[in-house]
Amino acid sequence: MHERVPTEHTAAQPSRSRARARDAAMLAVLCGAIFLEGIDLSMTAVALPSIRADLDMSTTGLQWVVSAYALGYGGFVLLGGRASDVLGRRRTFLTWLVVFLLFSGLGGVAVDGWMLVVSRFVTGVAAGFLTPAGLALVTTTFAEGPRRDRALLIYSGAAAGGFSLGMMAGGLLTAIDWRWVFFAPVIMSAVLLAGAVALVPRDERGDGSARERFDVRGTLTLTSAMLLVVLALVQSPQAPALRTVAVGVLGLALLGLFVALERRAPAPVVRLGILRSGRLVRANLAALLLVGAFVGFQFVMVLYLQELRGWSEVETGMAMAVLGLDAVLAPTVTPLLVARWGNTVVFLSGFVVAAVAYASLLRLGADWSYAALLPSFVLVSIAFALAYGPLTIEATNGVAAHEQGLAGGLLSTSFQFGSALGLAAVAVVLAAVSGPAATIGLDGFRAALLVPVVTALLGVAVSTVTLRRESGLRRD
């Protein structure tokens, strides 16, 4: 009886299985981090009325609880992408996860409005470094192709699910005490930090220790420009028009200066050549439109349910929990559709479904039941599941490994600017239609819903251009 001698193939199988299991566990940690970033932002929005009552904040001061996070995130996210490429993805991810944990906790113990605003700003900065580093870890761990596509769809589903489910979680936690909206992310961050230390691989010498020096002038110019542009956007509904224009123009002027500096920099913060990729630019533009439409829709519906219908935070959160359906669909159904039809067809379909969903609410009634709203909410969730993940794939495919952090930073910037633009646009429409009235009427809500409808249709146009370009390339 001959003893079976293990072959090189059979000996390698357990090793491959262990590697795949470790990769899957690391992906779970990274999904937890992007879920945390999404849920943190959504929960805060629901808790605002309770925060105002407890800390005796003015309406302007309360607005800064949201705006400070957007400023920190939008101002530093491109720098965060560059830092992950140069300093190392693991190092960047772990460092800023600790910062996120500490300053979220500071928000929970805030006894004055300024403390909460500062904590939200630094938490936003931390998210601006965390998000591109996490995305780069996903795209560099899984080789381009079906495995990476599936990993990105799971990762994107976690992000979308966090953003959608945050309203429900925020409503439930606020019913206990609004401070738990900030303490809950501390607990989640601690668990994720332990997992990341154990599972995220050490940065390779050629990756994390490249020792490329930062372009200090470019870094300061870019950060200042991004801060000013985001500031102009988030304050546009409340600030005088002249001030908004002045801040925006100054921000754009600094962006122009940044471009001039980067052309001469030996180690630029953003390699401008990456923007020559039409595919990448169109994917980022579509991502901006997708999130802008969704955030604008969400803002309008929260105000409609709470201010016009008189629903509580918990009732509103539970009503909109169905938007979290995308967290189930994105990792299960979307990969099958992408494998069958390709990325572009799937995210184009997502924009079409989104346009139909938002348009179905244009005849919104003052006494619509939840059953009347539910089909539109379900369609929005399906649209997000179809578009979010495939756009993430589109924005990172074809990018060199050493620039995956930069690609992630650009995508995060698009998402953040989309969010700020969507909020600013619907706020301007609501103010214009309602005028000096203390409450918003039904006409105001209907007019504001035109913003996500038009934005989704623009997304259809951009996606159609992408599809035609791909069809032309195939014919050639």
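Predicted model: local features only at pLDDT ≥ 70, side-chain atom pairs only at ≥ 80, totals over all residues.
Buried means under 20% relative accessible area. By that cut-off Y388 is buried, and F415 is buried too.

**Aromatic pairs**

A pair of aromatic rings is described by the distance of the centres and the angle of the planes. The count here comes to 13 aromatic pairs. One of them joins F384 and Y388, and the pair is tilted, with 5.2 Å centre to centre and 35° between the planes. F384 and Y388 sit in helix α15, which covers residues 370–396. They are four residues apart, about one turn of the helix. Both F384 and Y388 are buried.

Y388 belongs to helix α15 and F415 to helix α16 (residues 404–434), so the pair ties together parts that are 27 residues apart in sequence.

Why is one pair tilted and the other stacked? Planes under 30 degrees apart count as stacked, over 60 as edge-to-face and the rest as tilted.

Ring pairs link F294, F297, Y358, Y370, F377, F384, Y388 and F415 into a cluster. Another ring contact involves a charge: R340 lies over the face of W341, at 4.2 Å from the ring centre.

Helix α15 has 27 residues. From its first C-alpha to its last it reaches 39 Å, close to the 39 Å expected at 1.5 Å a residue. The helix is mostly covered, with 19 of its 27 residues buried. V380 has its place in α15. V380 counts as buried because its relative accessibility is 2%. The C-alpha atoms of V380 and V322 are separated by 9.5 Å, although the two residues are 58 residues apart along the chain. After α15 comes G398, whose phi is positive, near 80°.

Helix α16 has 31 residues, which should span 45 Å at 1.5 Å a residue. Its end C-alpha atoms are 45 Å apart, so the span agrees. This helix is mostly covered as well: 23 of its 31 residues are buried. Just after α16, G435 takes a positive phi of about 65°.

**Salt bridges**

How many salt bridges does the count come to? The total is seven salt bridges. Three of them are set out below.

| Salt bridge | N to O distance |
|---|---|
| R179 and D54 | 3.8 Å |
| D85 and R89 | 2.8 Å |
| E394 and R279 | 3.2 Å |

The bridge between R179 and D54 links distant parts of the chain, 125 residues apart. R179 lies in the loop between α5 (146–176) and α6, and D54 in helix α1 (residues 8–55). R179 is buried because its relative accessible area is 17%. D54 is partly exposed, with a relative accessible area of 43%.

In the salt bridge of D85 and R89, the N to O distance is 2.8 Å. Are these residues buried or exposed? D85 has a relative accessible area of 6%, so it is buried. R89 has 4% and is therefore buried.

The side chains of E394 and R279 meet at 3.2 Å, N to O. This pair also links distant parts of the chain: E394 is in helix α15 and R279 in helix α10 (residues 278–308), 115 residues apart. E394 counts as buried at 2% relative accessibility. R279, at 34%, counts as partly exposed.

I176, W180, I187 and V191 make a nonpolar surface patch of about 430 Å². Which helix gives the most to the patch? Helix α6 (residues 180–199) does, with three residues. V191 is found in α6. Exposed means over 50% relative accessible area. V191 is exposed because its relative accessible area is 58%.

Terms used:
Residues numbered from 1 in each chain as written. Heavy atoms only, no water. Patch = residues over 30% accessible without salt bridge, like charges linked within 9 Å, V, L, I, M, F, W, Y side chains within 5 Å. Areas by Shrake-Rupley, 256 points an atom, 1.4 Å probe, with all protein chains shown as cover. Salt bridge = Lys/Arg side-chain N within 4 Å of Asp/Glu carboxyl O. Helix = DSSP H or I, 4+ residues; strand = E, 2+ residues; numbered from the N terminus. Buried < 20%, exposed > 50% of the residue type's maximum accessible area, 1.4 Å probe, protein only. Phe/Tyr/Trp six-rings, centres within 6.5 Å; stacked < 30°, edge-to-face > 60°. Lys NZ or Arg CZ within 6 Å of the ring centre and 35° of its normal. Expected span 1.5 Å × (residues − 1).
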